[in-house]
Amino acid sequence: MENAIIKSSEILFSKNGETVRITPCCKNAIRFEAFFENEPFDENFTLMPQGAECEITEEEHSVTMAVGEISVKLERNGKASFFRNGKLLIEEKPELTFNDGFRHYEKRREGAYSARVTFEANENEHFYGLGHEASGCFDLKGCSFDLRHVNAKCTIPFVYSTRGYGFLWNNPAVGNVELSKNRTRWSADFTRKIDYVVIAGTPKETSEALADLTGHAPIMPHWATGFWQSRLRYETQDDLLEVARIYKADGIPLSAIICDYFHWTEQGDYKFDPKYWYDIKAMTDELHEMGTKLIVSMWPTINENSENYKYMSERKMLIKTTRGTDRVFNFYGPQAEIDVTNPETREFVFSKLKENYLDNGVDALWFDEAEPEIHPEYFDDLIFSIGRGGEVALLYPYYYSKMAYDGFRKMGVEAPVTLTRCAYLGSQKFGSLVWSGDIPSTFESLSAQVKAGLNMALCGVPWWNTDIGGFYGADTQSEEFRELIVRWFQYGVFSPVMRLHGNRNRHGEKKRDVKEPSGDPNEIWSFGERNFEILKDLVFLRERLRPYIEKHMEIASVKGYPVMRPMLFDYPEDENCYSLGEQYMFGDDIIFAPIVNRGQTKKTVYLPDGEWVLTKNNKKYKQGFHEISAEIDEFIAFVKDGAEVLSCFK
């Protein structure tokens with residue numbers, strides 16, 4: 001084909017100032033890159049191309065590359081179409097007349113463009129993925145999403161299509177994706193290329209490929225699979241220890257307890273305030289004797305009152321802006337934020353975390369504000385060591401988690417776990433346990449979180465959870481919240497990590513002269529006597545389920561299969577599963593259907609092929625839709641007939 005250069009494993013094609021490069025990416029995956037008025041920009045970001053054998057066929061008006069079961073046909077007008085075993089998967093759509101203009105560019109600043117690529121829409125196509133966002137949507141077809149990180153929204157630019165392919169947008173720029181009825185379009189506001197990967201296969205096959213291309217999660221350590229206790233916030237060492245002692249005295253297993261923010265002397269100091277936290281080593285020693293790990297919160301914020309500010313500012317370890325200032329967030333005064341894309345920043349900050357926390361027995365870290373949160377949210381105003389924010393902003397949580405992972409590994413910790421409010425493609429390989437941010441304490445929120453978690457599950461990040469009960473707006477003395485906390489707790493049992501957290505409305509005056517006072521208690525005994533017995537039983541159920549969960553955490557590490565996943569993951573040929581956003585597979589053998597509406601005691605559940613056992617009464621059901629009852633002290637879970645895990649429910 002004219003203007004095409006064919007190499008052994010590469011196609012280069014130039015037309016009208018644009019250069020296209022097509023390469024094999026891994027088994028059954030092809031990478032497509034396009035550059036406008038530039039030499040090819042050889043940047044993988046977080047992608048780890050594996051390469052694969054390919055076959056290239058050139059004809060007069062087109063050239064085709066085949067990699068296993070997938071092939072791409074590039075026509076002389078620039079159009080790319082992808083096929084699996086000859087069946088069309090996805091094809092670019094022209095924006096101009098005469099079947100021309102498949103990719104569009106507009107000059108922004110030196111070397112950077114806004115860019116977009118448009119694909120044909122397909123009737124009856126369904127999309128899932130894109131990380132988590134409380135949109136209330138499970139099937140994302142018909143939706144438009146910003147590609148950016150903000151509190152309670154984590155963008156992972158990957159979708160799975162029921163036409164049998166995964167689409168990875170390999171671009172950390174702020175942008176947008178439209179999955180509409182008339183087109184599918186991916187856009188970047190500031191970029192130096194268009195870069196995407198198409199993976200042919202079932203959900204399981206694409207998940208395996210995605211893990212190979214972006215990294216495999218470690219095997220989650222045993223301690224992390226149990227019950228985690230947290231609230232906003234334990235104001236003192238004595239407060240925290242008192243809670244842990246009650247759990248121990250009552251014989252209730254407690255895997256971890258969390259010390260939230262403003263335990264520190266100043267934002268950016270990364271150490272406990274000795275006024276309220278007087279002997280950290282003694283505290284962690286006692287917790288460890290009780291079998292409980294301690295997790296401590298860290299924010300990336302810092303200001304001139306911090307003992308570390310001058311050192312970090314002088315060495316360009318802070319995010320700067322195009323205006324020259326480093327103030328990008330306001331919380332108890334203007335705050336700068338650390339630039340974790342700078343390796344020197346990562347090394348310095350972790351050294352402080354190690355000195356003040358980890359060397360005193362703290363077991364893991366909670367990386368809050370991980371987007372990072374900035375106000376106003378104009379990302380191109382930010383200057384990182386790796387480039388302007390408009391081009392690379394989505395990478396911040398990736399390097400934030402890398403800071404912890406690299407530091408822990410140097411300490412000899414084989415499988416670090418870092419609780420983090422955001423992630424990006426590849427964050428999972430650093431032991432990122434993503435949570436869904438500061439979400440409201442409502443039944444509507446619970447419903448949205450179930451769907452958001454299932455979409456995150458298809459994005460290569462298997463460690464995910466929510467604040468059980470939601471984060472804000474909860475009155476622990478109200479009947480509505482006491483119903484909600486039970487239903488959310490049931491959902492938490494069947495989540496990758498079971499973590500109780502939230503800022504509960506405070507009744508009465510604050511107890512101490514602290515900068516950020518705690519809300520009401522948030523322990524399992526804080527919501528009434530009846531609820532205490534229900535929640536306690538659920539903690540013990542989680543304990544019995546841990547071997548099953550750990551088995552599937554190992555599968556998640558090796559294969560890339562999420563523990564909590566949509567029904568379509570295991571049953572892609574069953575179209576009934578395409579709309580099931582409020583029930584899901586928990587491992588290979590459990591179907592869980594959370595109650596997500598106030599006052600609800602019945603729910604219609606769909607069972608796929610096979611025979612299934614309802615855990616509350618051992619009654620067997622076959623494929624089809626079934627209405628199941630669930631009073632407040634009951635939940636709806638089915639186990640595949642013959643599976644060993646059924647014994648956990650007896």
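**Aromatic pairs, cores and strands**

Phe527 counts as buried, at 1% relative accessibility; buried means under 20% relative accessible area, exposed over 50% and partly exposed in between, with a 1.4 Å probe and protein chains only. The model is predicted, so local features need pLDDT of at least 70 and side-chain atom pairs count only at pLDDT 80 or more, while totals for chains, interfaces and linings use all residues. Residues are numbered from 1 along each chain as its sequence is written, and side-chain values use heavy atoms, with hydrogens and water left out.

The structure holds 50 aromatic pairs. Rings of Phe, Tyr and Trp (its six-membered ring) pair if their centres lie within 6.5 Å; planes under 30 degrees apart count as stacked, over 60 as edge-to-face and the rest as tilted. One of these pairs is formed by Phe36 and Tyr113, edge-to-face at 5.7 Å centre to centre with 85 degrees between the planes. Phe36 belongs to strand β4 (residues 29–36) and Tyr113 to strand β11 (residues 112–119), so the pair ties together parts that are 77 residues apart in sequence. Helices (H or I, at least four residues) and strands (E, at least two) are DSSP runs, numbered from the N terminus. Tyr113 is buried, with a relative accessible area of 4%.

Phe527 has an aromatic partner in Phe481: the pair is edge-to-face, 5.9 Å centre to centre, with 65 degrees between the planes. This pair links distant parts of the chain, as Phe481 lies in helix α9 (residues 479–493) and Phe527 in the loop between β34 (498–500) and α10 (529–559), 46 residues apart. Phe481 is buried, with a relative accessible area of 4%. Elsewhere, Phe32, Phe82, Phe119, Phe167, Trp169, Trp186 and Tyr196 form one aromatic cluster.

Rings also meet charged groups. A charge sits over a ring if NZ of Lys or CZ of Arg is within 6 Å of the ring centre and within 35 degrees of the ring normal. The charged end of Arg108 sits over the ring of Phe190, 5.0 Å from its centre, and that of Arg315 over the ring of Tyr311, 3.7 Å from its centre.

In soluble globular proteins, nonpolar side chains tend to be buried together. A nonpolar core is here a set of buried Ala, Val, Leu, Ile, Met, Phe, Trp, Tyr and Cys residues joined through side-chain atoms within 4.5 Å. The largest such core has 181 residues, and Trp228 and Phe494 have the most contacts inside it. Helix α10 gives the most to this core, with 11 residues. Beyond residues up to four places away in sequence, Phe494 touches, among others, Leu541 and Leu545 as well as Phe586, Phe592, Phe635 and Phe649; contact means heavy atoms within 4.5 Å. A second, separate core of 43 residues includes Val72, Val117, Cys143 and Tyr196.

Two strands pair if DSSP finds at least two bridges between them. Strands β5 (residues 55–58) and β6 (residues 62–67) run antiparallel and are joined by 4 bridges, with Ile56 opposite Met65 in β6; a hairpin of 3 residues connects β5 to β6. Strand β6 then pairs with β7 (residues 70–75) in the antiparallel sense over 6 bridges, and Met65 stands opposite Val72 in β7. Between β6 and β7 the hairpin has 2 residues, and Gly68 in the turn has a positive phi of about 60 degrees. Strands β7 and β8 (residues 80–84) are antiparallel over 5 bridges, and the bridge partner of Val72 in β8 is Phe82. Their hairpin has 4 residues between the strands, with Gly78 in the turn at a positive phi of about 100 degrees.

Thr23 is found in strand β3 (residues 18–26) and counts as buried at 17% relative accessibility.

Strand β3 is part of an open sheet of 8 strands with antiparallel pairing, in the order β1-β2-β3-β4-β20-β17-β16-β12. At its edges stand β1 (4–7) and β12 (127–129), each with a single partner strand, so one side of each is left without a neighbour in the sheet. Strands β1 and β2 (residues 10–15) pair in the antiparallel sense over 4 bridges, and Ile5 has Leu12 as its bridge partner in β2.
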